[in-house]
Amino acid sequence: MATRHIHGYCGLCIARCGTVATVAGGRFTRLDPDPSHPTGQALCGKGRAAPELVYHPERRTYPHAFGTPNARITLDLCG
Ligand code: SF4
């Protein structure tokens, strides 16, 4: 099972902390701070939970209208 470490940043808030994502066997398994990045000295709990967000069974994989979370819309209607 191949493991890759991919440098990037967390997009969950405006801080954009530097990150290293671990992908093992094609699955995103872990997010760690990237000490080589100016904002990568630590990650908050939300950033560390990124793999759980990706694979949560109730994660929305389609756009929906603001205020109507169950109303599926097309990408053409998005901003
Ligand atoms: S790790 Fe936390 S503080 Fe850093 S960008 Fe992600 S959500 Fe924001």
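**Figure 1. Burial across the predicted protein.** A residue is called buried here if 20 or more other C-beta atoms lie within 10 Å of its own. Among the contacts in the protein with a separation of 6 or more, 16% are accounted for by residues 24 or more positions apart.

**Figure 2. Order of the elements and overall dimensions.** The protein contains two helices and three strands, and from the N terminus on these elements follow the order β-β-β-α-α. The radius of gyration of the protein is 15 Å, which is well over the 12 Å that the globule rule gives for 79 residues, so the protein is more spread out than a compact globule. Taken along the principal axes, the box that the C-alpha atoms of the protein fill is roughly 40 × 30 × 20 Å.

**Figure 3. Strands S1 and S2.** Strand S1, which covers residues 3-9, is hardly covered, since the count of buried residues among its seven residues is zero. Strand S2 spans residues 18-24 and runs antiparallel to S1, with seven bridges joining the two strands. One of these pairings involves His5, whose bridge partner in S2 is Thr22.

Notes
Residues numbered from 1 in each chain as written. Predicted model: local features only at pLDDT ≥ 70, side-chain atom pairs only at ≥ 80, totals over all residues. Helix = DSSP H or I, 4+ residues; strand = E, 2+ residues; numbered from the N terminus. Rg over C-alpha atoms; globule rule 2.2 N^0.38 Å. Contact = placed C-beta atoms within 7 Å. Buried ≥ 20, exposed ≤ 12 C-beta atoms within 10 Å, placed from the backbone. Pairing = 2+ DSSP bridges.
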